[in-house]
Amino acid sequence: MSYLHSIGSYFIMIKDTFVKPTKGKVLRDLVFKEIDDLIIGSLGIVAFISFFVGGVVAIQTALNLTNPLLPKSLIGFASRQSVILEFAPTFISVIMAGKVGSFITSSIGTMRVTEQIDALEVMGINSINYLVFPKIIAMCIYPFLIAIGMFLGIMGAYTAAVYGGFAPSSDFLLGLQEDFIPFQVFYAFFKTFLFSFLLATIPAYHGYFMEGGALEVGKASTTSFVWTSVAIILVNFIVTQLLLS
Amino acid sequence: MIEVKDIRKSFGDNDVLKGFSTTFFPGKTNLIIGTSGSGKTVFLKTMLGLFKPDSGQIIYDGNPYSDLNNEEQRKLREQIGMVFQGSALFDSMTVEENIAFPLKMFTKMNKHDRIERANEVINRVNLENANHKLPSEISGGMQKRVAIARAIVNNPRYLFCDEPNSGLDPNTATVIDNLIREITIENNITTIINTHDMNSVMEIGDHIVYLQKGHLAWEGDKSQIFKTDNEDVTNFVYSSNLFKMVREAQNGR
């Protein structure tokens, strides 16, 4: 029953996010601040992980190509497919559930504990709109972050494959272009867009409705990471089933 | 003026406010006192609209809060200033930004005018050289002053304070009490203060409401509180060692 109650509260929060909007100029400032905190602040970790995981994908593919009849271009092909279809959109989103999600939950949760949310409400401000809506707007830029992740992942794969001596550059680039289906890029960005909404709203829900003190803020952050990851994996499965199968 | 009529509020089986009525007048510091768990904070939050009462009415200058639509409630809330127990300042904003925040949200003032008005209020609460500091960089007493400044910057008609001098040293607490009283009289605001500090009662208790287990057990002013024969109020008042010693001295012991 408590799960059903939580799901119901989550959707009511989503509805309340879009009513009684915050004043335009204030909203603009909030959105820029959120872009800085959530997107720009995540560039470094996304770039680092993308590059090296891309490299690992290339090395592992190369090491498994033991049959001499298999072309080396497969390394480029496998790296591209892995990075674009799953690694960049899904794997990075799960990591972001930890980084961005914890940040959102703990910052909103601390505002709840220190009565800052009550202060907004007393002033007649729709606190859900004020706190959550700018995050949703800021996270609309998240697919660009994933695009950078895709690019760097493939760059990492290229670097590992070519400079690690697993495949010549021409073979890797040939594999990279082989059987390219543009719809798969649409699929990747479509699900990334859905993940961005989940990344903004599920941690916000856990922060906004938390009760207790500092210890509960920590617990809420952990819970939000778990549920955001679960939601991402489930939505990933459903979207893949609907769009690719 | 705020009228409270037969207000009741419960959480599950726990009846916190058990039905009582009272009136808070403008230009006076109205104090709600009582022991921990007596329902003071719930009463305050119910008056503010943060909790919906199970029954009864809160009437702001003739307008029952529950009869107002959402837009009217929002308009009314713009006329309310609130000083929270922990100050509730926005961590990410400087002192000046915190104080100018209600102006930014609810007025069409340009930035220059907002800063000017914020500085007027900063001077009023005697905060100096703190404009560009973050709340974490100033003392508890200064945070309370910022909270008071933020509460009055929009010229509210109603001012609510939840234990405004908790955690402060006696000198600072007295300064904060007197500041609230001066502002109340200057602007003819209806001020309601939730406290269990007997010093505050003695300093600024123009109208005192004593709550006990969700009931209104006693009502009067600071000159009457020492004369009451209500045993609960007497126990509350003389639970302070200082007042106990004064009484013993007066009784010649």
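A residue is called buried when its relative accessible area is under 20%, exposed when over 50%, and partly exposed in between (1.4 Å probe, protein chains only). At 0% relative accessibility, S127(A) therefore counts as buried. This residue lies in helix α6 of chain A, residues 127-139; helices (H or I, at least four residues) and strands (E, at least two) are DSSP runs, numbered from the N terminus. Not counting residues up to four places away in sequence, S127(A) touches I117(A), L120(A), E121(A) and Y208(A), where contact means heavy atoms within 4.5 Å.

The model is predicted: local features need pLDDT of at least 70, side-chain atom pairs count only at pLDDT 80 or more, and totals for chains, interfaces and linings use all residues. Residues are numbered from 1 along each chain as its sequence is written, chains are lettered from A and ligands numbered from 1 in the order in which they are written, and side-chain values use heavy atoms, with hydrogens and water left out.

**The interface of chain A and chain B**

The table gives totals for this interface.

| Item | Value |
|---|---|
| Residues in contact | 20 of chain A, 25 of chain B |
| Area buried | about 1,800 Å², 64% from carbon and sulfur atoms |
| Salt bridges | four |
| Residue pairs in polar contact | seven, both at pLDDT 80 or more |

Buried area is the accessible area (1.4 Å probe) that two parts lose on being put together, summed over both. In chain A, E115(A), V122(A) and M123(A) lose the most area to chain B, together 35% of what that side buries.

A salt bridge is a side-chain nitrogen of Lys or Arg within 4 Å of a carboxyl oxygen of Asp or Glu. The side chains of E115(A) and K45(B) form a salt bridge, at 3.8 Å from N to O. A polar contact is a pair of N or O atoms within 3.5 Å; within protein, one must be able to donate a hydrogen and the other to accept it, and residues adjacent in sequence count only if both atoms are side-chain atoms.

On the side of chain A that touches chain B, the elements giving two or more residues are α2 (24-39), α4 (73-113) and α5 (116-122) of chain A. The most comes from α5(A), with six residues.

**Nonpolar cores**

A nonpolar core is a set of buried Ala, Val, Leu, Ile, Met, Phe, Trp, Tyr and Cys residues joined through side-chain atoms within 4.5 Å. The largest has 95 residues, and Y130(A), F43(B), M47(B), Y60(B) and F160(B) have the most contacts inside it. Its largest share, 12 residues, comes from α4(A).
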